[in-house]
Amino acid sequence: MLIGPKTSDDAAVYKLSEELAIIQTLDFFPPMTDDPYLYGQIAAANSLSDIYAMGGKPILALNIVCFPSCLPIEMLEKILLGGASKVSEAGAVIAGGHSIVDDTPKYGLAVTGVGHPEKILSNSGACSGDLLILTKPLGTGIINIAGRGQLASEESIQAATKSMLELNRQAAEVMLQYPVNACTDITGFGLLGHALELALASRVSLEIWSNKIPLLPGVEELAAMGMIPAGAYQNRDYLKDKIAFPKESKAESKAILFDPQTSGGLLIAAPPASARFMLDKMQELSINAQIIGQVNDKNNDYTIKVV
Amino acid sequence: MSAMKKIDCRKMNCPQPVINTKQALDQISQGIVVSLVDNETAKENILLFAKNNGYITEVIPIANDYQITITKGASEEPEKKFNSIEASENVTGLVYLITSNFLGQGSPDLGEVLMSSMLVSINELNPAPRAILFINTGIMLTCHDSRNMDILKSLAGKGTEMISCGTCLDYYKLRENLKIGRIGNMLEINNLLVEADKVIGIP
């Protein structure tokens, strides 16, 4: 076993031979949209992301389905078709799955990926001096809540949907062309939650440059209106002792950094030269990535400092 | 006019407590709204919303609930309008709401002709209206095989904003066919209606 539960990583990694490690992950969640096909696609992109965050390549996926008997079966069909489309875009295959009857629909995948044992990326390798790259804008949780209340603009909803649908495949492929020290993906614990896991596993501290963080359109206004999901507050309360914010920072700006993301981007720690090359390459491919901070030595006062 | 309103936002999912509180505050020019919520998230979100709009708040915990008293003062800054659209200078505050691709009841063929001639007449207004909002089958007028495209283009050239309802485009599976203007949601459409100097509805 190369990577197990101890370091709160994205997936388990098991070394099969000197050349081959398998990466195993599982993720599923309830719908965040009324469109079943879209839901299937987003849930699958989210499940596949963990393989990319480990530096691996997905090869095989199994459907995990909970579905109520009162809903039309065509809806389930669309969810599965949506999921299958993303799995096939990732170059992997769906080999089956398991479904049970439940009150609310839930969908996701158990994904198997492969990688070279020495090239597996954990969240525990970040070194002081590394720069941090985030490969997708933040704000899907906030826009989702605002959308439920009919308060998000079409522009915000479309940008959030596009971002959630995007596989982390391209970003991961660029990342693997350069030296990288650590990687994780941003999901339910928000940017700061996953950054904190990376910092603790790597025994370093992080400095996050809040003005550099890419945001989805309209997120700041919606956050200021109080469109903040419960998960963001839970993340904040759970993590607050380890994170130092500037005195003047507003509640809504903090909330965005704790906003739970669905199918979020990769957070990559790489040496400065490598990070800059990577960023140029990603931006050339229209990936909305930015360098959002740096890795420093361990600090006794805080694990993450937001500036 | 000062007012006092009490609203019960317990047993509601996010973001409904914020929306109900906002609506209650929007309905009064000044006064107090007391909002009762049963969870931390709703409390924090309402406080955040109130603070960012310059309202004064007070929270009193009552058993497992929170009673939030929000005071909307007379001297507050004009309320921030979210998602509202700036009017261009050369257009009036006139907004048309078109809810069908036919004008009037009766023969659809006649209705179609009447709608075209109505749009021609609107195009002759000077200054041009601020916006035309397309709802329900009205959205068929902004989609690609509309016979009225040239008139709408002429209006758009004069600064009239065309907004087609996104839910309606989806319902009629025409989102990909939208040829002019942009897609809007009900909040934007309602904001435009509320802010307009004059609204003309074309059923």
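**Chatting through chains A and B**

Q: Quick one to start: is Ala63(B) buried or exposed?
A: Ala63(B) is exposed, with 6 other C-beta atoms within 10 Å. By the cut-offs, a residue is buried if 20 or more other C-beta atoms lie within 10 Å of its own, exposed if 12 or fewer, and partly exposed in between, with C-beta atoms placed from the backbone.

Q: What should I know about the model and the numbering?
A: This is a predicted model, in which local features need pLDDT of at least 70 and side-chain atom pairs count only at pLDDT 80 or more, while totals for chains, interfaces and linings use all residues. Residues are numbered from 1 along each chain as its sequence is written, and chains are lettered from A and ligands numbered from 1 in the order in which they are written.

Q: Okay, back to Ala63(B). Where does it lie?
A: In the loop between β3 (56–62) and β4 (65–72) of chain B. Helices (H or I, at least four residues) and strands (E, at least two) are DSSP runs, numbered from the N terminus. Phi of Ala63(B) is near 50 degrees, a positive value in a residue other than glycine.

Q: And what is phi at Lys173(B)?
A: Near 55 degrees, again positive in a residue other than glycine. Lys173(B) sits in the loop between α5 (166–171) and β8 (182–184) of chain B, and is exposed, with 8 other C-beta atoms within 10 Å.

Q: Which residues does a cis peptide bond join in chain B?
A: One such bond joins Cys14(B) and Pro15(B), with omega about 5 degrees; Pro15(B) is in the loop between β1 (2–8) and α1 (16–26) of that chain. Another joins Asn126(B) and Pro127(B), with omega about 0 degrees, and Pro127(B) is in the loop between α3 (108–123) and β6 (131–134) of chain B.

Q: How is chain B divided?
A: Into domain 1 (2–72) and domain 2 (94–202), with bounds from an automatic or database domain assignment. The centres of the two, taken over C-alpha atoms, are 37 Å apart.

Q: Where does pLDDT stay under 50 in chain B?
A: Over residues 75–90. Chain B averages a pLDDT of 84, and 90% of its residues score at least 70; pLDDT is the predictor's confidence in each residue, from 0 to 100.

Q: Switching to chain A: how many residues does helix α2 have?
A: Helix α2(A), residues 73–89, has 17 residues and reaches 25 Å from first C-alpha to last, close to the 24 Å expected. That expected span is 1.5 Å times one less than the number of residues.

Q: Which residues of α2(A) are buried?
A: Ile79(A), Leu80(A), Gly82(A), Gly83(A), Lys86(A) and Val87(A). They cover an arc of only 155 degrees around the axis, so they are on the same side of α2(A); the arc is that of the directions from the helix axis to the C-beta atoms. Exposed Ile73(A) and Glu74(A) are on the face turned away from that buried side.

Q: What do the buried residues of α2(A) pack against?
A: Against α1 (36–53), β3 (57–67), β4 (93–101) and β5 (106–115) of chain A.

Conventions
Two residues are in contact if their C-beta atoms, placed from the backbone, lie within 7 Å.
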